[in-house]
Amino acid sequence: MKINVVKGTRDLGPKEQARYTSVIEKLLSVSYFYSYTHIETPIIEHANLYSRTVGDASDIVRKEMYTFKDKGNRLLVLRPEFTASIVRMFVNNKIHAQMDLPFKACYYGPIFRYERPQAGRYRQFYQFGVEAIGVDSPYVDAEVVSYGYFALQTLGIDDVILKINTLGDHKSRNEYKKVLKTFFASHIHNMCHDCNERLKTNPLRILDCKVPKDQLIIKDAPKIHEYLSKESQERFNKVTELLDRTNIPFEIDQTLVRGLDYYSEVVFEYHHFDDNGETLGALGAGGHYSDLVKELGGPDLPGIGLSFGVDRLVQVIHGDKDKEDYNPYTLFYLIPVGDVNLEDVYEVLTSLRHEGGFSLDMFNEKRPLKTLIRKAEKRNAKYLIFVGEEEIKNNTLTIKNMETQEQMVINREDYKQVIRSLFFSSLRDQ
Ligand code: HAM
């Protein structure tokens, strides 16, 4: 019986996985430059972690969470984002009492959202992100925004549009919510069912609505900047000044409110459009959160962070996936020759692997030479290592360069040294 992958999820074959790994390695190195240390949190969390933080009115909590009961009757979810988990970890482990703040962490892993699958939108996707928790400063804000921009440049994604906005502090936002409520109250009968709900729970969420007829109304809604407190305005000005001074181009987008409830002050998104003006949606996004730590039982400390959608980054860098090649790359391929005892060859293979440090493989059954060489070619092997009775007797190896067809016999003890020099000369030739 053939069983398909679950809708909205994908297998990543060796070629595709190599692309993800390369992106992650680059993001980890940029994180290192910015002093973020790599951490990990569980994929399953208690459901109430997200209703209390991402927000009951958010699409994520209302419609998109994979929620289930475990055998102990606990209501759990597959994590729909990282930030709440990182903050939970910060609070549970009392990191504020042990570490110099801000706590600067980076993370990577799968995220699950029950969304409508389409290009760049999956039900299981991967995020790489950073959070800086514990210090309230526009410098920390600017640093996170700058990290994201530099990370995209490091990945070779240059033509990025950075959109930035502020949601202000409590005072500003409460004032703004009141004004929005009044504005939308007179239009709500023409708006979608979700917006009717949002008006009751959180009118800010209406600004996220993607329904075209609702967007016509939304575009005329009052803008947050008219209701900002002096402190929030000054803070936002300082962040944009720091971005200017470090040559990070940005656009202020007053309609940007983000779809999660925990944000306050600065919020931002990174966008990319291809040559045809098409976009997969934001490549990454983030913002400042004033109350999340307190909300989860910790001290009154703020944080700021951002997450990239790694699948979208891979797609932008590599375009549409070519046909997957499932043959992994093997640098050296060992071939038993003639009547040699297979156990002897297996022993050689294992000891070479343990001392060599390079990818080395072999087919563990006797086959005609031609078949085994064909197998090595399919693995894209650069070198063949022949081991026959002669080699076992003399404690030697016969190595063949597949490109030049040159062949040499070496002493078994010299393997490591010879292989290393072959490997590095093959790198130089590339
Ligand atoms: P988010 O905007 O929900 O923010 O997701 C961040 C990024 O994840 C998006 O910009 C997008 O690239 C990617 N993404 C979202 N949904 C999907 C999907 N269905 N398929 C593929 N990629 C997707 C957050 O998750 C916040 N936790 C970000 C943050 C960190 N805020 C503060 N710190």
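An oxygen atom of the ligand is found 3.1 Å from a side-chain N or O atom of Q127, a polar contact in the sense used here (a pair of N or O atoms within 3.5 Å; within protein, one must be able to donate a hydrogen and the other to accept it, and residues adjacent in sequence count only if both atoms are side-chain atoms). The model is a predicted one, in which local features need pLDDT of at least 70 and side-chain atom pairs count only at pLDDT 80 or more, while totals for chains, interfaces and linings use all residues. Residues are numbered from 1 along each chain as its sequence is written, and side-chain values use heavy atoms, with hydrogens and water left out.

In total, 25 residues surround the ligand, the closest being E81, E115, R258, Y263 and A282; a residue is counted if one of its heavy atoms lies within 4 Å of the molecule.

Attention now turns to the protein interior. A nonpolar core is a set of buried Ala, Val, Leu, Ile, Met, Phe, Trp, Tyr and Cys residues joined through side-chain atoms within 4.5 Å, where buried means under 20% relative accessible area, exposed over 50%, and partly exposed in between (1.4 Å probe, protein chains only). The largest such core holds 54 residues, and F184 and L207 have the most contacts inside it. Helix 4 (residues 83–92) gives the most to this core, namely six residues; helices (H or I, at least four residues) and strands (E, at least two) are DSSP runs numbered from the N terminus. A second, separate core has 40 residues, among them A132, A151, L243 and L283.

Which strands form the open sheet with antiparallel pairing? Three strands do so, in the order 2-4-3, with two strands taken as paired if DSSP finds at least two bridges between them. At its edges are strand 2 (44–46) and strand 3 (66–69), each pairing on one side only. Strand 3 is joined to strand 4 (residues 75–78) by four bridges, and K69 stands opposite L75 in strand 4. Helix 2 (residues 48–55) packs on this sheet, touching strand 2 and strand 4, and its direction makes about 75° with that of strand 2. Contact here means heavy atoms within 4.5 Å, and axes are lines fitted to C-alpha atoms, for helices over the stretch in contact, with angles from 0 to 180 degrees between N-to-C directions.

Another open sheet has five strands in the order 13-12-14-15-16, and its pairing is mixed. Strand 13 (360–362) and strand 16 (407–411) are its edge strands. Within the sheet, strand 14 (residues 383–387) and strand 15 (residues 396–401) run antiparallel over four bridges. Helix 13 (residues 342–356) lies across strand 12 (332–336), strand 13, strand 14 and strand 15, at about 165° to strand 13.

Some backbone details complete the picture. The peptide bond from L101 to P102 is cis, with omega near 5°. N247 has a positive phi of about 60° although it is not a glycine, and this residue is exposed, with a relative accessible area of 66%.
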